[in-house]
Amino acid sequence: MPQPKYARESLTTMTEMVLPNDTNTLNNLMGGRLLHWMDICAAIAAQKHSNRIVVTASVDNVSFSVPIKLGNIVTMQAKVTRGFNSSMEVNIEVWAEDIPAGTRVSTNRAFYTFVAVDQNGRPIEVPPVIPETDAEKDLYTSALRRRQLRLVLAGRMKPQEAKELRALFGVTDEG
Ligand SMILES: CC(C)(COP(=O)(O)OP(=O)(O)OC[C@H]1O[C@@H](n2cnc3c(N)ncnc32)[C@H](O)[C@@H]1OP(=O)(O)O)[C@@H](O)C(=O)NCCC(=O)NCCS
């Protein structure tokens with residue numbers, strides 16, 4: 001198994017300015033453009049952690065509750081929360097800044113899953129993550145539940161095999 005790595009080693013920050021070609025007719029950043037930027041930022045974090053080529057396996061739900069305006073500065077920060085076998089979960093947070101107005105708001109957050117692959121595109125082992133801060137430790141622990149939930153939703157795990165989720169909902173073997 002590859003040597004464990006600290007979560008902080010994968011920290012990746014990416015900054016973009018919202019230009020006219022990034023917006024819809026209301027002059028707000030298009031959701032698809034933001035997802036594209038987030039995918040790149042999160043993929044770089046996953047590459048830093050695994051030192052491998054990575055592919056996006058899934059993205060958990062992303063809400064667009066705050067519009068990001070033309071001219072805003074978008075900052076994304078991504079970090080690997082946990083490595084499993086060949087897959088890694090990446091937490092990404094997004095902020096929008098209006099520099100002339102002096103405002104900065106948190107706009108989005110998502111969990112991406114990336115799989116490290118070899119030169120033939122086959123999944124390959126990734127290093128375990130060493131969490132250090134309280135936030136990193138919380139994300140590390142809860143990553144197992146999120147993994148089980150997304151694998152159940154993707155039809156890759158039977159609900160009865162999702163032990164962490166069963167424990168969370170107080171379900172025992174008796175039902
Ligand atoms: C992701 C991919 C490599 C998985 O390949 P596979 O043959 O299904 O491999 P496995 O069944 O061995 O799964 C490999 C890992 O992917 C994870 N995985 C697969 N589908 C997943 C999903 N929907 N959500 C989260 N993790 C997933 C598995 O849990 C496994 O993780 P682990 O090794 O840490 O336990 C393959 O499906 C693929 O290449 N997909 C296309 C990726 C791509 O093109 N992304 C860009 C999309 S625009």
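Helices here are DSSP runs of at least four residues, numbered from the N terminus. I'm working from a predicted model.

**Sheet first.** I traced the strand order as E2-E4-E5-E6-E3, an open sheet of five strands with antiparallel pairing. Strand E2 (12-17) and E3 sit at the edges with a single partner strand each, so one side of each has no neighbour in the sheet. Neighbouring strands are turned by 30 degrees against each other on average, direction ignored.

**Pairings.** I went through the strand pairs next. E2 and strand E4 (residues 73-83) are antiparallel, with six bridges, and Thr15 has Thr75 in E4 as its bridge partner. Strand E5 (residues 87-98) pairs with E6 over 12 bridges, also in the antiparallel sense; there I found Val90 bridged to Tyr112 in E6. Their hairpin has four residues between the strands, and Gly102 in it takes a positive phi near 70 degrees. Strand E3 (residues 53-59) runs antiparallel to strand E6 (residues 103-117), joined by six bridges, with Thr56 opposite Phe114.

**Helices on the sheet.** I looked at helix H1 (residues 31-50), which lies across E2, E3, E4, E5 and E6 and runs at about 40 degrees to E4. H2 packs on the sheet too, touching E3, E4, E5 and E6, and its direction makes about 80 degrees with that of E4.

**Arg150.** Is Arg150 buried or exposed? Arg150 counts as buried because its relative accessible area is 12%, and the cut-off is under 20%. Leaving aside neighbours within four places in sequence, I listed its contacts as Ser58, Asp60, Glu89, Phe111 and Thr113.

Note on methods:
Residues are numbered from 1 along each chain as its sequence is written. This is a predicted model: local features need pLDDT of at least 70, side-chain atom pairs count only at pLDDT 80 or more; totals for chains, interfaces and linings use all residues. Side-chain values use heavy atoms; hydrogens and water are left out. Buried means under 20% relative accessible area, exposed over 50%, partly exposed in between (1.4 Å probe, protein chains only). Contact means heavy atoms within 4.5 Å. Two strands pair if DSSP finds at least two bridges between them. Helices (H or I, at least four residues) and strands (E, at least two) are DSSP runs, numbered from the N terminus. Axes are lines fitted to C-alpha atoms, for helices over the stretch in contact, and angles run from 0 to 180 degrees between N-to-C directions.
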